[in-house]
Amino acid sequence: MPTSRSSRAQQQLLDDRIEPFLQQLRGAGYAEGTLRQKRTVLRAFAQWAERRGIAACDLNGSHLDAFAARPPRRGKSHVKFELAV
């Protein structure tokens, strides 16, 4: 499935926001494995928001709550990890 120009732009915008956050965590001493896991969850959240048409500038705490409350696609341990991120 080809990636559209707007989808690539959205991904770049996402990377521009996620990576600085992860860099802060890296500076705070988080392990690289933990950072990879957090990146995975953050990307899942971003994709979830994109599927719902929520612009990055409009995201708020209620969106995080809705993401965390969605029906789990994976096991309980994965959901627990997502909530921790």
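Buried means under 20% relative accessible area, exposed over 50%, and partly exposed in between, with a 1.4 Å probe and protein chains only. By that cut-off, 22% of the 85 residues of the protein count as buried.

The model is predicted: local features need pLDDT of at least 70, side-chain atom pairs count only at pLDDT 80 or more, and totals for chains, interfaces and linings use all residues. Residues are numbered from 1 along each chain as its sequence is written, and side-chain values use heavy atoms, with hydrogens and water left out.

**View 1. The overall fold has four helices and zero strands.**
Helices (H or I, at least four residues) and strands (E, at least two) are DSSP runs, numbered from the N terminus. From the N terminus on, the order is α-α-α-α. The accessible surface comes to about 6200 Å². Carbon and sulfur atoms hold 54% of that surface. Areas come from the Shrake-Rupley method with a 1.4 Å probe; for residues, only the protein chains shown count as cover. Contact means heavy atoms within 4.5 Å. Take the contacts between residues at least 6 apart in sequence: 41% of them join residues at least 24 apart.

**View 2. F45 and W48 form an aromatic pair within helix α2.**
Rings of Phe, Tyr and Trp (its six-membered ring) pair if their centres lie within 6.5 Å; planes under 30 degrees apart count as stacked, over 60 as edge-to-face and the rest as tilted. Searching the whole structure gives three aromatic pairs. In one of them, the ring centres of F45 and W48 are 5.8 Å apart and the planes meet at 20°, so this pair is stacked. Both residues belong to helix α2 (residues 32-51). They are three residues apart, about one turn of the helix. F45 is buried, at 12% relative accessible area. W48 is buried too, at 4%.

**View 3. W48 and F67 pair edge-to-face.**
Their centres are 5.7 Å apart, with 70° between the planes. W48 lies in α2 and F67 in helix α3 (residues 61-69), so the pair ties together parts that are 19 residues apart in sequence. F67 is buried, at 6% relative accessibility. F45, W48 and F67 make up one aromatic cluster. R70 lies over the face of F67, 3.9 Å from the ring centre. For such a placement, NZ of Lys or CZ of Arg must be within 6 Å of the ring centre and within 35 degrees of the ring normal.

**View 4. Helices α2 and α3 cross at roughly 105°.**
Their axes come within 11 Å. Axes are lines fitted to C-alpha atoms, for helices over the stretch in contact, and angles run from 0 to 180 degrees between N-to-C directions. Angles under 35 degrees count as roughly parallel, over 145 as roughly antiparallel, 65 to 115 as roughly perpendicular and the rest as oblique. The two helices are therefore roughly perpendicular to each other. On the α2 side, V41, A44, F45 and W48 take part; from α3, they meet H63, L64, A66 and F67.

**View 5. H63 sits in helix α3.**
H63 is buried, with 17% relative accessible area. Leaving out residues up to four places away in sequence, H63 touches F45, W48, I54 and D58.

**View 6. Q37 of helix α2 is shown with E82.**
Q37 is partly exposed, at 40% relative accessibility. Q37 and E82 are 45 residues apart along the chain. Their C-alpha atoms are separated by 9.0 Å.
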